[in-house]
Amino acid sequence: MTTPPQPVRRIPILYILFLISVLSGWLYYITSLPDISFLARRWTASLTMVLGSFIAGSSPEGSAAISYPIFTLLLKIPPPVARNFSFAIQSIGMTSASLLILGLRVRVDWNYIRYVTLGGVFGLIFGTYYVVPLISPVVAKLFFVSLWLSFGITLWRENRRPQREIHDSIMPFLGIDKRRLALFGVVGGIISSIFGTGINIFTFCLVTIYYRLNEKVATPSSVIIMTIETLLGFFLHAQILHDFSQDSFELWLACVPVVVFFAPLGAFVITKLPREAIARLLYVILFVQFVGAIVVIRPSLPQLLLCASTLGGGLGLFALLARSQRPNAAV
């Protein structure tokens, strides 16, 4: 009786080189500083990012989904500082997770990544200059956690269907799909300009509900999308707007050695989980995120009405997307 051949274990060389480079550069810089007492003062940020970076690598939620509300509402860190920190720290965590995904050759949908990213670049730049100065971060947070919860409920209902149609890629891929993904990327980029994350979960909603893309494919794809978006956001704030403050920099330094391990750990975990387990993990994250926002923000009656109307509208929107039929003929 012959033993079936064992799959070749791939070594993620890109991630290993990135890990060595980041840790070496971080250690060299830290040891050159005359005072590193700020690392001890920022321990709460490092602890937050243990969970935040793991969630970023294992789900379509960026680490800012965890860090932004905790930093702004519990630690009283100004929203611009928290947002810029999110871009900076995700440039390490999400990049390391993406390199692990690429190194392990995890299946992703490159059409999804390509066209969402194109729209996301425009949305991020437009949102940074023209939307962020006009919007209340608290109201925006309540709106989006309510919308994400409605998506989670819809995805849960869809996955309860015994014969739900699932695809490993967007097929057929038509011209209208390019425009639709790019448009959703624009909106997602605007959301990311506010919080430092958002394009990943926003477009994940579309591709899993409307395109029926397998969560096991959509999740690592969304990680790569957020990686590109966050690198652009970091560059935009640090090199063009020059509003990357000393507080953001200290927070970033304190969290670098945490996220460079835990984000790729999350990405590795999802390669070992079945699709249903990834979906259940997402349900929990979206529910906890919503409840956490309500508990911490303690919304007023008008804000609660906003949450309720957003939840109801989102359920209707995503139910409509779930029941929509795509054309089968390729152009």
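Helices (H or I, at least four residues) and strands (E, at least two) are DSSP runs, numbered from the N terminus. The model described here is predicted, so that local features need pLDDT of at least 70 and side-chain atom pairs count only at pLDDT 80 or more, while totals for chains, interfaces and linings use all residues. Residues are numbered from 1 along each chain as its sequence is written, and side-chain values use heavy atoms, with hydrogens and water left out.

**Loops**
- Pro172, in the loop between α7 (137-159) and α8 (175-195), is joined to Met171 by a cis peptide bond with an omega of about -10°.
- Arg212, which is not a glycine, has a positive phi of about 55°; this residue sits in the loop between α9 (199-209) and α10, and is buried at a relative accessible area of 12% (buried means under 20%, exposed over 50%, partly exposed in between, with a 1.4 Å probe and protein chains only).
- His242, likewise not a glycine, has a positive phi of about 55°, but it lies in the loop between α10 and α11 (246-272) and counts as exposed at 59% relative accessibility.

**Thr219 in helix α10**
- Thr219 belongs to helix α10 and, at 0% relative accessibility, counts as buried.
- Leaving aside neighbours within four places in sequence, Thr219 is in contact with Ser58, Ser59, Pro60, Phe204, Ile270 and Ile278, where contact means heavy atoms within 4.5 Å.
- The Thr219 side chain also reaches the backbone oxygen of Glu215 at 2.8 Å.

Key
A polar contact is a pair of N or O atoms within 3.5 Å; within protein, one must be able to donate a hydrogen and the other to accept it, and residues adjacent in sequence count only if both atoms are side-chain atoms.
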